[in-house]
Amino acid sequence: MTTDAQVALIPPFTRETAIQKVRKAEDGWNSRDPQLVALAYTVDSKWRNRAEFITGRDQIVQFLTRKWSKEHEYRLIKELWSVDSPRIAVRFAYESHDDSGNWFRSYGNENWEFDEAGIMHHRYASINDLPIKESERLYHWPLGRRPDDHPGLSELGL
């Protein structure tokens with residue numbers, strides 16, 4: 001069953017519906033479920049993620065499976081930067097650690113383009129990694145969805 005909120009998350013996006021779309025994407029990625037996340041992208045979706053080029057849901061699932069096998073305790077915050085329907089620009093930061101316990105905060109920007117059904121068909125991501133000490137972590141919620149009362153990027157000064 002489709003709810004009114006889901007129907008509103010198709011182009012043309014307003015600022016409000018774009019913010020909802022960004023949060024929905026954040027929630028999906030924080031699930032760390034590659035199959036679930038891949039459903040937000042068209043079957044022939046095209047990505048550029050850092051220097052990797054990915055096409056289609058199968059490659060998205062493979063990419064995310066590899067990613068989350070290396071990035072432990074992954075927690076992400078996304079924030080709307082701009083909307084020009086059917087395109088949305090997002091900035092984000094996530095924290096994770098590697099197998100050796102080295103923590104990182106990864107900052108980036110994403111440009112998204114959606115089809116008429118509100119499914120993303122292009123995603124371009126630029127990402128930089130900053131080594132941090134565990135004591136510098138800012139994301140401490142339990143793994144999964146960021147709580148509604150947890151500060152966003154702007155409130156955290158990121």
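Visitor: Which strand gives the most residues to the lining of the largest cavity?

Guide: This is a predicted model, in which local features need pLDDT of at least 70, side-chain atom pairs count only at pLDDT 80 or more, and totals for chains, interfaces and linings use all residues. Residues are numbered from 1 along each chain as its sequence is written, and side-chain values use heavy atoms, with hydrogens and water left out. Strands (E, at least two residues) and helices (H or I, at least four) are DSSP runs numbered from the N terminus. At least two lining residues come from each of β3 (72-84), β4 (87-97) and β6 (120-132), and the most, three residues, come from β3.

Visitor: How much space lies in the largest cavity?

Guide: A cavity is a set of points, on a 1 Å grid over the protein atoms alone, where a 1.4 Å probe fits but cannot get out; lining residues have an atom within 4 Å of a point. Grid points are joined across faces, edges and corners, and the volume is the space filled by probe spheres set on the points. The search of the whole structure finds one cavity of 30 Å³ or more. The space in the largest cavity is about 50 Å³.

Visitor: How many residues of the lining of the largest cavity are charged?

Guide: The lining includes W29, Y74, F92 and I127, and also K67, K78, E110 and R123. Asp, Glu, Lys and Arg count as charged; Ala, Val, Leu, Ile, Met, Phe, Trp, Tyr, Cys and Pro as nonpolar; and the others, Gly among them, as polar. On that basis, six lining residues are nonpolar and one is polar, while the number charged is four.

Visitor: Is R50, with its positive phi, buried or exposed, or in between?

Guide: Most residues other than glycine have a negative phi. R50, in the loop between β1 (41-49) and β2 (52-55), has phi near 60 degrees. Buried means under 20% relative accessible area and exposed over 50%, with partly exposed in between (1.4 Å probe, protein chains only). At a relative accessible area of 30%, R50 is partly exposed.

Methods: 1 Å grid on protein atoms, 1.4 Å probe; cavity = no way out; pocket = protein on both sides within 12 Å on 5 of 7 lines; lining within 4 Å.
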